[in-house]
Amino acid sequence: MPINPELQGRVYAKTPSYLVGREKIREFSRAVFSTSPLNFDVEAARAAGYADVVAPPTFAIVLQQFTLQQLLDDDDAGIELSHVVHGQQQFTSARPIVAGDELTAVQTIASVKSLGGNSMITSESVIEDAAGEHVATTTSTLVVRGDS
């Protein structure tokens, strides 16, 4: 099934608020083999000027997963999950994510391209805190295999 080219420019609804937990940061940090005390030790993080433990820069993927799920759940998109490969990922941080942050994200489909029977969908998810301040932007490209 071809991917709907009219997805380009589509903006999905803001995700529900996500409260970043200290233990979630520690779990994520262990998963990415971080050794920074800022990711595990509250006192080390506070001594460095942060309110609580600091998430690794790639933690923003946790929020982006909620936005990508909106795309995958969109019947109008025509995406079959079994045909999806994650092609590329990029993070831009405005500030570190720390435990206690309450974050939301909004996804925009930046482009939809067809290449040799496959489709590439690039989306951008802008993550904000409870005050509406920009925290990070994640850009992801999904490759959707065509029927063969």
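Leaving aside its neighbours within four places in sequence, which residues is I121 in contact with? In this predicted model, where contact means heavy atoms within 4.5 Å, I121 is in contact with I3, L7, L71, I79, I109, S111, S140, T141, L142 and V144. Residues are numbered from 1 along each chain as its sequence is written, and side-chain values use heavy atoms, with hydrogens and water left out. Because the model is predicted, local features need pLDDT of at least 70 and side-chain atom pairs count only at pLDDT 80 or more, while totals for chains, interfaces and linings use all residues.

## The sheet

Helices (H or I, at least four residues) and strands (E, at least two) are DSSP runs, numbered from the N terminus, and two strands pair if DSSP finds at least two bridges between them. On these terms the model holds an open sheet of 5 strands in the order 1-3-4-5-2, with antiparallel pairing. Strand 1 and strand 2 (84-93) stand at the edges with a single partner strand each, so one side of each is left without a neighbour in the sheet.

Strand 1 (residues 18-19) is joined to strand 3 by 2 bridges, and L19 stands opposite E102 in strand 3. Strand 3 and strand 4 (residues 118-128) are antiparallel and joined by 11 bridges, with I121 in strand 4 as the bridge partner of V112. The hairpin of strand 3 and strand 4 has 2 residues between the strands, and in this hairpin G116 takes a positive phi near 55°. Strand 4 also pairs with strand 5 in the antiparallel sense, over 10 bridges, and here S123 has S140 in strand 5 as its bridge partner.

Helix 3 lies across strand 1, strand 2, strand 3, strand 4 and strand 5, and runs at about 55° to strand 3; axes are lines fitted to C-alpha atoms, for helices over the stretch in contact, and angles run from 0 to 180 degrees between N-to-C directions.

Buried means under 20% relative accessible area and exposed over 50%, with partly exposed in between (1.4 Å probe, protein chains only). I121, found in strand 4, is buried with a relative accessible area of 1%, and its C-alpha lies 8.1 Å from that of S140, 19 residues apart in sequence. S119 also lies in strand 4 and, at 8% relative accessibility, counts as buried. Leaving aside neighbours within four places in sequence, S119 is in contact with I3, K113, S114, L142, V143 and V144.

## Cores

A nonpolar core is a set of buried Ala, Val, Leu, Ile, Met, Phe, Trp, Tyr and Cys residues joined through side-chain atoms within 4.5 Å. The largest nonpolar core has 19 residues, and those with the most contacts inside it are V20, I25, F59, I97, L103 and I127. Helix 1 (22-31), helix 3 (60-73), strand 3 (102-115) and strand 5 (134-144) are the elements that give two or more residues to this core, and helix 3 gives the most, with 4 residues. Apart from this core lies another, of 12 residues, among them L7, L71, A77 and I109.

The buried residues of helix 1 are I25, R26, F28 and S29. Seen down the helix axis they fall within an arc of 165°, so they line one face of helix 1; the arc is that of the directions from the helix axis to the C-beta atoms. These buried residues pack against helix 2 and helix 3. Just after helix 1, F33 takes a positive phi of about 60°.

Rings of Phe, Tyr and Trp (its six-membered ring) pair if their centres lie within 6.5 Å, and planes under 30 degrees apart count as stacked, over 60 as edge-to-face and the rest as tilted. The structure holds 2 aromatic pairs, listed here.

| Pair | Kind | Centre to centre | Angle between planes |
|---|---|---|---|
| Y18 and F66 | tilted | 5.7 Å | 50° |
| F28 and F59 | edge-to-face | 5.2 Å | 75° |

Y18 lies in strand 1 and F66 in helix 3, so their pair ties together parts that are 48 residues apart in sequence. Y18 is buried, with a relative accessible area of 16%, whereas F66 is partly exposed, at 37%.
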